[in-house]
Amino acid sequence: MQYSDKVMEHFMNPKNVGEIENASGIGEVGNAKCGDIMRIYLDIDPETQVINDVKFKTFGCGSAIASSSMATEMVKGKTIHEALAVTNKAVAEALDGLPPVKMHCSVLAEQAIKAALIDYSKKHNIHIPELDGVVIDDDHDHHHDHDHGHDHSHEKALPTDKWVPHTHEPGVPH
């Protein structure tokens, strides 16, 4: 599989990795088929509704890590309404594309942001109209009847402040 330089950069040197203590909102989503799990932490200014900080932890393939990293870069410093405009397609485009079998990774990134904003709205009793009717679908890949070519059963979380995959080839996301 061919990956863009931006995917490789965000995989090898992911931005905004970690957790935010006492986060304003936390969103966790996963895909049962491939085992990818993504958790996004938001620190939102209650007066301006601006995302001051965002961190992530992802357990999954290189594309999932790159998508998480890029998504956090895209919402940092934005208002919650601007952040809601970040789509999976925008994440994939910002990474200069993802292979079709990896688009589910960008979907997870979009859903994790929305899940964190839903959590924020519940914790702070705030209505966010753009989230009306949004359902976080953990099996977002249900319209694909095929596996995306690998499983994560051999991967493990390393003792670092992020979840990272164990790849078949050094430095190459699978």
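A: Happy to! Let's start at F56, which touches P14, K15, N16, V17, G18, R39, I40, I65, S68, S69 and T72, leaving out residues up to four places away in sequence; contact here means heavy atoms within 4.5 Å. Before going further, note that this is a predicted model, in which local features need pLDDT of at least 70 and side-chain atom pairs count only at pLDDT 80 or more, while totals for chains, interfaces and linings use all residues. Residues are numbered from 1 along each chain as its sequence is written, and side-chain values use heavy atoms, with hydrogens and water left out.

F56 sits in strand β3; strands (E, at least two residues) and helices (H or I, at least four) are DSSP runs numbered from the N terminus. With 2% relative accessibility, F56 counts as buried, a label for anything under 20% relative accessible area, with exposed over 50% and partly exposed in between (1.4 Å probe, protein chains only). From F56 to L42 it is 14 residues in sequence and 8.9 Å in space, C-alpha to C-alpha.

L42 brings us to the core. Together with L117, L42 has the most contacts inside the largest nonpolar core, which has 40 residues; such a core is a set of buried Ala, Val, Leu, Ile, Met, Phe, Trp, Tyr and Cys residues joined through side-chain atoms within 4.5 Å. Among the elements giving two or more residues to this core are β2 (37-44), β3 (51-59), α2 and α5, and the largest share, 10 residues, comes from α5. Setting aside neighbours within four places in sequence, L117 is in contact with L42, I44, I80, A83, L84, I128 and L131.

Now for the helix packing. Helix α2 (residues 62-75) meets helix α5 (residues 103-123) at an angle of about 40°, with their axes 8 Å apart; axes are lines fitted to C-alpha atoms, for helices over the stretch in contact, and angles run from 0 to 180 degrees between N-to-C directions. The two helices are therefore oblique to each other. On the scale used, under 35 degrees is roughly parallel, over 145 roughly antiparallel, 65 to 115 roughly perpendicular and the rest oblique.

On another side of the story, the axes of α1 and α2 come within 8 Å and cross at roughly 90°, which makes α1 roughly perpendicular to α2. V7, H10 and F11 of α1 make this contact with G62, I65, A66, S69, M70 and E73 of α2.
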